Amino acid sequence: MRPRYEGGNIRVFMLGWEFPPFISGGLGTACHGLTRAMSQLGMEVKFVLPRMVESEYATHVKLLTPGSRATGKYDKFRELKNVTFHAIRSALQPYSSADTYAHRVEEYLREKREVRGGSVSSASQLLGGADYGGDMYSEVHRYAAMAAELAEVEKFDVVHAHDWMTYPAGIAVAAVSGKPLVVHVHSTEFDRSGEHVNQVIYDIEREGMERANKVIAVSHLTRSIVVSRYGICGDKVEVVYNGVDRKAGWPLDDGGIGSDEKIVLFLGRITMQKGPEYFLQAAKKVLGIMDNVKFVMAGSGDMMHQAVEMAAELGIGQKVLFTGFLRGEDVQKIYKMADLYVMPSVSEPFGIAPLEALDNDVPVIISKQSGVSEVLTHALKVDFWDVDEIANKIVAVLKYPPLQLTLRNHGNFEVRRLRWRDGALKCAKIYEELLVTV
Amino acid sequence: MPSVCFYFQVHQPMRLRHYTVFDGAAHYFDDYKNSTICKKVAHKCYLPANRLILDAIRRFEGRFKVAYSITGVLLEQLDRYSPEVMSTFDALAETGCVEFLAETYYHSLSFLYSRNEFIEQVEKHAERIASLFGQEPRVFRNTELIYNNDLAALIESMGRFDAIITEGADHILGYRSPDFVYRPSGCDRLKLLLKNYSLSDDIAFRFSNRDWREWPLTSEKFAQWISDVNGNGNVVNLFMDYETFGEHQWKDTGIFKFMQQLPEEILAHPDNNFKTPSEVVDSYEATGTVDVPHIISWADTERDLSAWLGNAMQSNAIHELYRLEKNIKKTGDTRIIADWRKLQASDHFYYMCTKYFADGDVHKYFNPYDSPYDSYINFMNVLDNLESRCAKHIDGGAFCGLPQNADAPEMQVAT
């Protein structure tokens, strides 16, 4: 028997909600990085996803519903050899609200009717859930019920749930199996909604944290929110930083746009949390000083239209480009074009994107109100509201090549030390402590 | 019979204020921060340490002696913010047991970039010292003890100095001891005094380090180490920052008490004495030649220039700064020239150092900026403004026929 330390043969029942390539933010990237590192350490991970996708999307992952009681091997990448994927058919999506959820279901049904000539008459028939309730909260609980059902036939040592939509499932699985529960806080309702928290989501988050044996926060910033806003005892909350996987050797054709124009990149969801308005206000100020620069906003989100309008109102519409949501190779391409990455987040529990930017040799400006600023030293740091300072730093990076060079070289070097392996090891240590005491 | 030669470096930079690309004012320095720090250091270090040295000189009736090198930029700040410190230095000068050394007025790296500027700054400093303390400096120390054969040759050719001071780095001495007087390679007359970095750093860096096996360092123990040199050397050069007393080593570490007792312990041994650098030069002949073709300094373990010129930002900033020399001097505007010279202080480049930055070490402690990047951005924004003032001045003078010292528009903004 292999030692339990260093990952060993601990079997993890992991509840997630997105996974590459079906991602809309950093959570999927984090789950991918963490499970890959765990797999490399020899840990067995059963990864459960609520996924409303048709099989033609699943090109390299065999996703199965719990109804079939079968498992799919994620066999395209060898490093994921110890990860088993389970998908539960559901309309759950991360970063959504109850309203957008209802909207999504409507849209999905409309599409289905068109495709299948109206043969599908009801949501429950389509989604296959026996007790599908039609709103997001009951969907969360349906996911929980089905995950618990799945858990009955699986063998594992610990339950690990990522963010609020999987907490009820985590609680259910832990209750059914009697195994310890770890909840992993990638973001809280206060990060997503500021002070206008959704009470139902807050309650779910809080219950998850209270019922968990350990809470993992992605930064000290998030840890302090967990302690102060959710009243969780600090002894129970550990910090595990995210990492970045090196994209060495990613094949890219070099036929990008070649020009003297500088490109400043915003990459992330265009939502209140990410501070798009500060990016645009800083852009306006930068353009008052230098002209040969374009600002690219890559991402989508509920403030997208507002951002487009704001760019127009500021009179910089022709200098701001919106690409919509990017994934995979398109992300690499945009990094290749960019001279600078700016993350003016109002509240950022961690923020993996700056690590990816540095990994792609793009220097970064990050907000001091982010978890990632706890681990990065070779980055420019600003208060998200200090638009003058953001602009000052953007101009400096574009104007002084030695600054860009130094940031890039040191930053790239620094990022290599932030590996998922360390995060996975820390998780393993947390599991071990729980397994000893439980 | 080892002589003990103390020399204290006394310097505070003029720190820049936060200066963005949107700023236009020709006022670059953070008066509030500079005055606060100057007063704080005066209170914690300069005043109590000067009092201690003065007491010791009086107590031992001239047998205790020290030397100071005070930069021009600090003299200006003391004059403005803590004039009481100046009067204590006056009192020290009057004892006849205190020597003042020469250096570049602006604590600059000008030797590396402009020989003309270097000589002007050394002359300016020597004149200032002469007018303040009534002594013509005879011994020169370069900023951060930066040194090579060329510097020694240049200093000898200036004709006014008898000796030069630098770091007793292992790689220039080999098996030889720093506790003798040497001659720089290529010089006929100039003598070379080398810092005994081991004994100096025992006081300056290790004094309060509880992990050090010699902790706690008593004056008795240290005096014994000095006496141990007897027969193996003529002089122990103890060179350190004056801020060691009360600022780098806080008062509660016992550093003042140590220093207070040290003269007595050292003089208890009849073979020991204290000498100023000039007296060392007059007392001992050069025992050999030291060849330093490559530049050395007293910084970090590398003893090289990497703390100031180790990355692309530092080298870019300093090159841009000295590139302006010709035009700056052409303006003849004393304010523009003074601002340019204050930007030459080595500290500005030290703040941009990325060496060890991530580890949060000694470099961070002395740094008013959050990061080396912030410091570079700030410096370059200031330099950009200075360059535009300079350009305006030259254009204005040439095309409008204004007299050379006419107020440029931005001069009115300055306070």
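Modeller: The model is predicted, so local features need pLDDT of at least 70, side-chain atom pairs count only at pLDDT 80 or more, and totals for chains, interfaces and linings use all residues. Residues are numbered from 1 along each chain as its sequence is written, with chains lettered from A and ligands numbered from 1 in the order in which they are written.

Colleague: How are packed helices read, and at what angle do H9(A) and H13(A) pack?

Modeller: Two packed helices are described by the angle between their axes and the distance between the axes. Helix H9 (residues 276-287) and helix H13 (residues 387-399) of chain A pack at about 55°, with axes 8 Å apart. Helices are DSSP runs (H or I, at least four residues) and strands likewise (E, at least two), numbered from the N terminus. Axes are lines fitted to C-alpha atoms, for helices over the stretch in contact, and angles run from 0 to 180 degrees between N-to-C directions.

Colleague: Which backbone values stand out, and where is the cis peptide bond?

Modeller: Most residues other than glycine have a negative phi, and most peptide bonds are trans. A cis bond joins Trp215(B) and Pro216(B), with omega about -5°. Pro216(B) lies in the loop between helices H8 (197-204) and H9 (219-228) of chain B. Asp163(A), not a glycine, has a positive phi of about 65°. Its loop runs between strand E5 (158-162) and helix H5 (167-177) of chain A.

Colleague: Is Asp163(A) buried or exposed?

Modeller: Asp163(A) is buried, with 24 other C-beta atoms within 10 Å. Buried means 20 or more such atoms within 10 Å, exposed 12 or fewer, and partly exposed in between, with C-beta atoms placed from the backbone.
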